[in-house]
Amino acid sequence: MLGRPDAHLIDGPTGALEVVVESPDLPEGAAPLGLAVVAHPNPQQGGTMDNKVVHTLVRAFVAQGWQTVRFNYRGVGASEGAWDEGRGEVEDMLAVIAQHRMDPALRQAPLALAGFSFGGYIAAEAAHRLSAEGQAVSPLVLISPAATKFIMPPVPDHTLVVEGELDDVVPLPNILDWTRPIGLPVTVLPGAGHFFHGQLGTLKQLVLRHLKALAS
């Protein structure tokens, strides 16, 4: 049973997945810029699609004209199945992407992926698999990705990585250890912790600036 009026269920790899779709305010007849799918933090630590950083990412993408989807992994909220240590959660994200790209307006449109913490790893891994199949992902936005617990896959040069200076869950040195060998810049938000308390507005502006730069 769904606990929220704006959610609906789609078919996932191990049962139903709970998703919420948010559409941009566009002129009549105009199509969204593309499809953006956002992944949430580790459910083993209470992460769900209602996380505030996830909401911040959604608001940024919607403001820039993207049809944006957030979802609960298997075993979270109304989604069926059970925790799979990251393996099945990547499959969940790929299923959400595939389902929503069936929309004729989005089938050939750009695809953006984003994620926070554990969701950053999930988004990066999903983007890597899609790229291997010849499907481009741009932009890819990773907020404090879980580089301490998971082996991060290769990511495109245009990837936005944002990290809090005082993050004690995914410490900044761990992020730099991952990005340094591949020459990937990291945007560090001074004074911010893992959850960006009091700085979500600044985080949104950073993401908006990146989206606008890619679109120009």
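**The sheet and its surroundings**

Author: The strands β1 and β2 form a hairpin, with two residues between them. In this predicted model, the two strands run antiparallel and are joined by six bridges. Gly 12 stands opposite Gly 15 of β2.

β1 and β2 are part of an open sheet of eight strands, whose order is β1-β2-β4-β3-β5-β6-β7-β8 and whose pairing is mixed. The edges are held by β1 (7-12) and β8 (187-189); each has a single partner strand, so one side of each is left without a neighbour in the sheet. On average, neighbouring strands of this sheet are turned by 25 degrees against each other, direction ignored.

From β2, the order leads on to β4. These two strands, β2 and β4, run antiparallel and are joined by four bridges. Val 21 stands opposite Val 69, a residue of β4. The pairing of β4 with β3 has the parallel sense: residues 35-39 form strand β3, residues 67-71 form strand β4, and four bridges connect the two. Here Val 38 stands opposite Arg 70 in β4.

The model has seven aromatic pairs. In one of them, Phe 118 and Phe 150 have ring centres 5.4 Å apart and planes at 55 degrees, so this pair is tilted. The pair links distant parts of the chain, as the two residues are 32 residues apart. Phe 118 lies in helix α3 (residues 118-132), whereas Phe 150 lies in the loop between β6 and β7 (160-164).

There remains the largest pocket, which holds about 240 Å³ of space. Its lining comprises 16 residues, and those nearest the centre of the pocket are Asn 42, Gln 45, Ser 117, Val 169 and His 194. By class, the lining of this pocket divides into seven nonpolar residues, eight polar residues and one charged residue.

Key
Residues are numbered from 1 along each chain as its sequence is written. This is a predicted model: local features need pLDDT of at least 70, side-chain atom pairs count only at pLDDT 80 or more; totals for chains, interfaces and linings use all residues. Side-chain values use heavy atoms; hydrogens and water are left out. Two strands pair if DSSP finds at least two bridges between them. Axes are lines fitted to C-alpha atoms, for helices over the stretch in contact, and angles run from 0 to 180 degrees between N-to-C directions. On a 1 Å grid over the protein atoms alone, a cavity is a set of points where a 1.4 Å probe fits but cannot get out, and a pocket is an open set with protein on both sides within 12 Å along at least five of seven lines; lining residues have an atom within 4 Å of a point. Grid points are joined across faces, edges and corners, and a volume is the space filled by probe spheres set on the points. Ala, Val, Leu, Ile, Met, Phe, Trp, Tyr, Cys and Pro count as nonpolar, Asp, Glu, Lys and Arg as charged, and the others, Gly among them, as polar. Rings of Phe, Tyr and Trp (its six-membered ring) pair if their centres lie within 6.5 Å; planes under 30 degrees apart count as stacked, over 60 as edge-to-face and the rest as tilted.
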